[in-house]
Amino acid sequence: MKCATRSGAIKVSSVLLVAGAMAGGLVAGTGSGAAAAADALRPAQAAPCTSSQIVADSAQRTDSTHVLVTVTNQGSKPCVLNGFPTVALAGQGSPEKNRPLQVARKGTARPVKLAPGGQASARLTFTPVLGEADGYCASGADPTVAPSIVVGVAGGRYQLAPDDGGEFALCGNTVRATAFRGAGS
């Protein structure tokens, strides 16, 4: 019995040794695929993005309830952006009248490395206003309308108007938001 157990252990150890060597060869290889695989395993080599680097420059309405907020790294060095935006309705030209919204986070936040000039986006979803013209909320409450929103990202606050010149309209005080994702993610 001891021989069979020892022989089985040697076979399993040999298989694991060969598999480990093959995996190590793939990561340590010199081909472009190996380099890309090694880069993917390395953590982001950049400092967190700050408000002095990041500029929010777009609130693109994709339909009546969705807005794509895009930020750009205008710094001279790469940075890492991670997380979800905060959102408030702008106070009609008066910051003390801003109305913070609860952000329901959708998905998982992952670090996004932004090269200088690199962009990342988060998608905001508002509870829709029903009907035409003044509209109404399914809950019976009055809709809230604002000409712009204030988005918080990387320690900064950015006031953004919809790219189509309209206004933001929503029911309730919650907005759903995805985490920031890099271009092409």
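**Exercise 1.** Determine the volume of the largest pocket and which residues lie closest to its centre.

*Solution.* Step 1: in this predicted model, the largest pocket has a volume of about 200 Å³. A pocket is an open set of points on a 1 Å grid where a 1.4 Å probe fits, with protein on both sides within 12 Å along at least five of seven lines. Its volume is the space filled by probe spheres set on the points.

Step 2: the pocket is lined by 15 residues, lining meaning an atom within 4 Å of a point. Closest to the centre are Arg61, Ser64, Pro128, Val129 and Ala169.

Step 3: strand E3 (66-73) and strand E12 (168-170) each give two or more residues to the lining; strands are DSSP runs of at least two residues.

**Exercise 2.** State which residues of the largest nonpolar core touch the most other members.

*Solution.* Step 1: such a core joins buried Ala, Val, Leu, Ile, Met, Phe, Trp, Tyr and Cys residues through side-chain atoms within 4.5 Å; buried means under 20% relative accessible area with a 1.4 Å probe.

Step 2: among the 29 members, Ile54, Val71, Leu81, Leu114, Leu124, Phe126 and Ile149 touch the most others. Strand E8 (residues 119-126) supplies the largest share, 4 residues.

Step 3: beyond four places in sequence, valine 71 touches residues including Ile54, Leu81 and Phe180, contact meaning heavy atoms within 4.5 Å.

**Conventions.** Residues are numbered from 1 along each chain as its sequence is written. Local features need pLDDT of at least 70, side-chain atom pairs pLDDT 80 or more, totals for chains, interfaces and linings use all residues, and side-chain values use heavy atoms, without hydrogens and water.

Conventions:
Buried < 20%, exposed > 50% of the residue type's maximum accessible area, 1.4 Å probe, protein only.
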